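This report describes a few features of one protein chain, with the sequence and the structure shown below. It covers helix packing, a pocket and some details of the backbone.

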Amino acid sequence: HAPDGRRCMDRSRVHNAPRRTHYKQANTRSRTQTQRMKAADFRFALISDIQFADVPDKTNATGTQFRRYRGTLDVAHRAVEFFNAHHSVEPLAFALHNGDVIDHQAAWDFERDEFRDEQQGMEALKAVMRVLSSSFTKEWIFTLGNHEMYNFTRAQLRDGITVEGKRGTPFTFRCANERGEFYHSFSPHAKWRVVVLDPYDISVYSRGRGMGLCEDAVKLLCENSPSAAEYVKNTPDVFRTEKMSHFPYFKGLEGRNKRWVPFNGALSEAQLNWLSSELDDAAKCEQRVIIFSHLLVHPHTAADGGKTLLWNYEDALGVLRRSAERGNPVAAVFSGHQHEGGFHTCEEMGTHFVVMESPLLAQPVDPEHPEESDAGPYAVVEVSDECIRIVGNGAKTTSPLFRDAEHARSCVASSDARQVSKVRTIAVPSASLNANAHM
């Protein structure tokens, strides 16, 4: 997926800074805040799991979450407004949505137990894209989540779906890069490499909507889940119908084995080898690395044992660990999928594992007292060789990412100047680049 010709001396994939766009700025921006922003090597906007559907609010299947499906568009609107305000002060290199842009219910009628007309999913996608298209940042990256696989085919996700944006200009939703690669890398700054993973490279839904289940992935799932094995044995037409929601997912599974469910997936051996090569090459190029994966990579970020983990998270962690041992630990891994969010710093590697919350769980903002509300989840991430500053808001005051964060008034204005954002600063692990990078 990374052509042999693209090595560290080729800067053709380093993003050019977007054209500056004028936007109202707060008059209270301090000199310290300005210096912090200028010190960043690059900055990007981050949101995950918008998961919009035009359906009534309700709890999830286990009754542990109350989900506001239509309200996710309000969160997305506030996010774009926040991103635009920051972009007007100093351009953002890119914006990234980390998987699950619309919900499974846009594709599947759970009451009638059948696919909905494809147009319903397209209308849901258009609703989200119209909001995101208002961003001043035009470089959007969409990572692959399980709900993308429920709603679209691999071909659609590879080639892109273009809709009319809010200003009448085309806006494309695509989960692959310009070469059609679902896992890929790019350099937003000469000192940094961003790696995007495809955690559904191996998945029962890897082919996408209506294309039939992947037999090899179903076999792997059944080898690790007695409940899945029993269901597939008794329902042989499941490969055609794609009805994999009809059995107790977690029956017979304990701890981290709870990851063996249909809504998770794995990195293929080819992708693991590619990831290892990318990290080695980044070290040779004296580049630090940030990784994006919809699925969680570290078990200490996973709630309730491991329900949201990569099937082969140990293999992925092994690749990261080897890179750290060679002197170039990955700075951070950003994930979604787990709606409640999560955060963990691996002391062994120094790598931070950040899980963004979902707008599905966001509390409605009190229009009379917006400064007392958590308007997120969304963030602007400022990256330097010393630290990563995550500026934004969580879905709730108990947000794992912002729970112990510094509270500070936003250095930029939004439609509500009283909005208070939070800042979580995490240290970039030290590196000894080139020490053993060529070994």
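## Helices H9 and H10

In this predicted model, Leu272, Leu275, Ser276 and Leu279 of helix H9 are in contact with Asp315, Ala316, Val319, Leu320 and Ser323 of helix H10. Sorted by class, the residues of this contact are six nonpolar, two polar and one charged.

Helix H9 covers residues 269-284 and helix H10 covers residues 313-325; their axes come within 10 Å and cross at roughly 15 degrees. Angles under 35 degrees count as roughly parallel, so H9 is described as roughly parallel to H10. The crossing of these two helices, H9 and H10, is right-handed.

## Helices H2 and H3

The crossing of H2 and H3 is right-handed.

On the H2 side, the residues that meet H3 are Leu73, Ala76, His77 and Val80. Their partners in H3 are Ala127, Val128, Val131 and Leu132. By class, the contact of H2 with H3 holds seven nonpolar residues, one polar residue and no charged residues.

## Helices H6 and H7

Helix H6 spans residues 215-224, and helix H7 spans residues 226-234. The axes of H6 and H7 come within 5 Å and cross at roughly 125 degrees. This angle is the reason why H6 is classed as oblique to H7. The crossing of H6 and H7 is left-handed.

From H6, the contact is made by Val218, Leu221, Cys222 and Asn224. From H7, Pro226, Ala228, Ala229 and Val232 take part. The residues in the contact of H6 with H7 are seven nonpolar, one polar and no charged.

## The largest pocket

The largest pocket holds about 1100 Å³ of space. It is lined by 32 residues, and those closest to its centre are Asn60, Ala61, Thr62, Arg67 and Phe263. Two elements give two or more residues to the lining: strand S2 (58-59) and helix H4 (146-151). Of the elements, H4 gives the most, with three residues.

Divided by class, the lining of the largest pocket has 10 nonpolar residues, 15 polar residues and seven charged residues.

## Backbone details in two loops

Two places in the backbone are listed here. At one of them, a cis peptide bond joins Gly376 and Pro377, with omega about 20 degrees. Pro377 is in the loop between strand S15 (352-355) and strand S16 (378-383).

The other place is Asp49, which has a positive phi of about 55 degrees although it is not a glycine. Asp49 lies in the loop between strand S1 (42-47) and strand S2. Strand S2 is also one of the elements that give two or more residues to the lining of the largest pocket.

Methods: Residues are numbered from 1 along each chain as its sequence is written. This is a predicted model: local features need pLDDT of at least 70, side-chain atom pairs count only at pLDDT 80 or more; totals for chains, interfaces and linings use all residues. Side-chain values use heavy atoms; hydrogens and water are left out. On a 1 Å grid over the protein atoms alone, a cavity is a set of points where a 1.4 Å probe fits but cannot get out, and a pocket is an open set with protein on both sides within 12 Å along at least five of seven lines; lining residues have an atom within 4 Å of a point. Grid points are joined across faces, edges and corners, and a volume is the space filled by probe spheres set on the points. Helices (H or I, at least four residues) and strands (E, at least two) are DSSP runs, numbered from the N terminus. Ala, Val, Leu, Ile, Met, Phe, Trp, Tyr, Cys and Pro count as nonpolar, Asp, Glu, Lys and Arg as charged, and the others, Gly among them, as polar. Axes are lines fitted to C-alpha atoms, for helices over the stretch in contact, and angles run from 0 to 180 degrees between N-to-C directions. Angles under 35 degrees count as roughly parallel, over 145 as roughly antiparallel, 65 to 115 as roughly perpendicular and the rest as oblique. A crossing is left-handed if the near helix is turned anticlockwise from the far one by less than a right angle, and right-handed if clockwise. Contact means heavy atoms within 4.5 Å.
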